[in-house]
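Hi there,

Here is the structure I promised to pass on.

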Amino acid sequence: MAPAPVPMMPDAVTASGLDSEKLSLPSLQSKMKSDPEGYETELQLIYSQFKSSMELFEQQAAMSFTSVTGIAADPTVAKDLGDRVMFLAHVTPFYPNQLVQFPKELVNFLQRSARTLPSGLRVHVIQALILLMNRKMVDMGDTLALFLELQTLGDRALRTLAFSHVVHSIRRMNQKHKNDPKNRALQNVLFSMLQQEDEAKAKRSLITLCDLHRRKVWFDDRTANAICTACFHSSSRIMIAALSFLLDFENIEDGDSDDSGSEDEPATQQPQIVVNKEALYKASHKGTTSSKKKKKAKLQRVIRSMKKQQRLSSEKNSSNYYSPLNHLKDAQGFVEKLFSRLQSSNERFQVKMMMLQVISRTVGLHRLILLNLYPYLQRYVQPHQREVTSLLAAAVQCCHDMVPPDAVEPLFKQIVNQFVHDRSRTEAITVGLNVVREICLRMPLLMTEDLLQDLVLYRKSHEKSVSSAARSLLTLFREVCPSLLLKKDRGRPIDPKAKPKAYGEASVATNVPGVELLEGDDGGSDGESDDGFISNDDDDNDGENDENVGNDVDAEAGSSENDFDSSDDDDEESDNDGSSSEDNNLEEDEDGSEDDDALYSSDNADAISDGNSSEEEDEKYNKPSSSQEDNVSAQSKHKAGKRKFSDFDEQLDAANRSLRALKKLAGSKMKQPSETKDGILSNDDFQRIKELKAKKDARIALTQHGFKIPSSDQLSAKRVDAAKLEANIRRKLSKEERLALIRAGREDRGKYQARTALKQKKTGGLSNRQKEHKKVMPVAAKRAKVAKSRQDKKRKQQRSGKQFRGRKAWK
């Protein structure tokens, strides 16, 4: 074999032209980009040097592959090869015909000798290939398998580079719109690698799929099902990774701490921007032409940012973005297969718990029937069991109304017998009562009358956690089935005859939902409706109606605070409220028009008698009281002696007002919803049904203090948190936690000092005693003070002489 030519150094390349100057590769690269046609000779030279360097490196690698010192026998060869690879990658877009085979040669070189390349050269070649892919010179589908294989080489820098490139390329490809053909081709590559027995490749493909699914790039059924099928991989590490992703998906959605994930979402990091009218006006009418352009461009950026922020928030809050378990095509088959693997597995306890949580979550989410699951759970329901709260949360999650009560009853009795008894600990009783409440919320048929009355007695416990758990169970059955409770414990339920549905019973709608509210409605325009809310059909009385609605809501809220009052008191209160509201309405009508009495005068009697019966009822309703009539008659007798033309003008105005009142009354009658005798509802009827339903829901919410039993669909979509089963339980703190709590309480408190030290350090002016020393005293006061001090000194001397003891030494 002929020896390969020695590659030239980067500073030995001579530029063709009038002056033969030696250029480095970066300088030659910039000149070739500015004048591609003038440097074709240099391009051919460097291209041939690249080929020879690649052959020389492969020969050296083949010869020194088995040597002890390693592969890189000559580091200069690797450096020259890396420099020429990057140079050719930069100039390839300017020479598409001459370098048409360069990307393929680069890919083949990596496929042949990726494992034998030094780390630095391998990273240089990967960067050159990424540069070509970003410039659309290489297709993503041809290199995806190569990039996934490169992540398994054990080089951390290379793994990070290849993974980030794959994820960002697929995100960039689907940024404007979903490219389904390319996505399907790339997904096929990843799915095939995920099913391979090679653990490293399967793990990298699973990580890529999970990351793209979490970023909502590939958020379809195919990706979700591929991630779920990874739970059946032969490698336990792949199975654990898939299970942990399925369990932690909701937590990942709530707090995404990835740095790369926040690059495309700057709108979520900024506060919401509101475009005001002043900014719009200034952008169109204020300033010069250039400043207007800048202001308009800024407004467009603001509007785009607001639209993107709204789109992101709607996507995050929409019902489509759920766990991958929601998109399972064969949920029953998935659960049965995973449960059979759980029964025959020899994994450690934590892995079994993860499998059990995924199974229970899927059973509750899709409302499946897996009868063998409940006896399996019954084996582990013990207070001393490790992670018993997570186990009980899984037991609650897999209960729903489609499961036969006979299948769950042994598990239910086991929980009650093991956790809720007099010799059990406080924590166990609390957890047991909370679990019983959650199971009965989903399957109320499991509860019996004697058991419920025994459990409700725990509300008298001195432990707060136990009493609150028992009260929550009592509140639930006051709404679900009050007949199971004693009469003194029922309180004042909404429906005293309420009973849970039998197993398999379903409510089939035979009519439009809420049409019974429309049938029981009086029309909505005559005072108060049956449900206690004021209807606002007339446009002129919107303000008054809103005030009446607010008063009624306050009245209901006040009356609902006392749940254990007698029904007679409630009836009296409601009668008083009704009479007071009628009096208020009458007073408002009198204040609104001073001459409404003319409407009932004898001059207008004919006009009123021509109306229909409903108008007569309205007249009776609006007629003033007897005391008001006496006042009106007294005023008319007082004014009867002096009749002027102004009296006739007032009567004419009153007649005009009466005609307007009749027209207004007729218009309001026309606006009422039509009678549904033929069974066909109009748009006004549907709008009225919606209003009545909202009023009914508001009244029920006020009566129940906001407590509302969720539907079965809401319960199945809700994830049971094991921490909530331990609500109000005071856990015993360790010594480190107690010390941390003590130190936290000392942070706001200053260092201890004596009061005298604090007084000496006082800030501000002088004390009163110090001010006395500085006062200017008159001469008489000074003399008196000096004389007083002399007397005190003399008195002290006399006293000291009397108290002397012993003899003096000098006498």
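The mean pLDDT over the chain is 74, and 68% of the residues score at least 70. Of the chain's elements, helix α19 (residues 405-419) has the highest mean pLDDT, at 95, while helix α26 (residues 605-609) has the lowest, at 38. Two stretches call for some care. Residues 14-21 have pLDDT below 50, and the model gives them 12 contacts beyond near neighbours in sequence. Residues 251-274 are also below 50, with 30 such contacts in the model. Where pLDDT is low, the predicted coordinates should not be read in detail.

The largest nonpolar core comprises 145 residues, and L88 and F477 have the most contacts inside it. Helix α16 (residues 349-366) is the biggest contributor to this core, giving 10 residues. As a general matter, nonpolar side chains tend to be buried together in soluble globular proteins.

Q29 is another residue to look at; it sits in helix α1 (residues 25-34). Its relative accessibility is 16%, under the 20% cut-off, so Q29 counts as buried. Beyond residues up to four places away in sequence, Q29 touches F87, H90 and V91.

Helix α20 may interest you as well. This helix covers residues 426-442, 17 residues in total, and spans 25 Å from its first C-alpha to its last, close to the expected 24 Å. Because 14 of those 17 residues are buried, α20 is largely enclosed by the rest of the structure.

Finally, where does C399 lie? You will find C399 in the loop between α18 (388-397) and α19. With a relative accessible area of 2%, C399 is buried. Its contacts, setting aside neighbours within four places in sequence, are Y374, V408, I439, R442 and M443; of these, I439 and R442 fall within the residue range of α20. C399 and L715 are 316 residues apart in sequence, yet their C-alpha atoms are 9.9 Å apart in space.

I would be glad to hear your thoughts once you have had a look.

Best wishes

Note on methods. Residues are numbered from 1 along each chain as its sequence is written. This is a predicted model: local features need pLDDT of at least 70, side-chain atom pairs count only at pLDDT 80 or more; totals for chains, interfaces and linings use all residues. Side-chain values use heavy atoms; hydrogens and water are left out. Helices (H or I, at least four residues) and strands (E, at least two) are DSSP runs, numbered from the N terminus. The expected span of a helix is 1.5 Å times one less than its number of residues. Buried means under 20% relative accessible area, exposed over 50%, partly exposed in between (1.4 Å probe, protein chains only). A nonpolar core is a set of buried Ala, Val, Leu, Ile, Met, Phe, Trp, Tyr and Cys residues joined through side-chain atoms within 4.5 Å. Contact means heavy atoms within 4.5 Å. pLDDT is the predictor's confidence in each residue, from 0 to 100.
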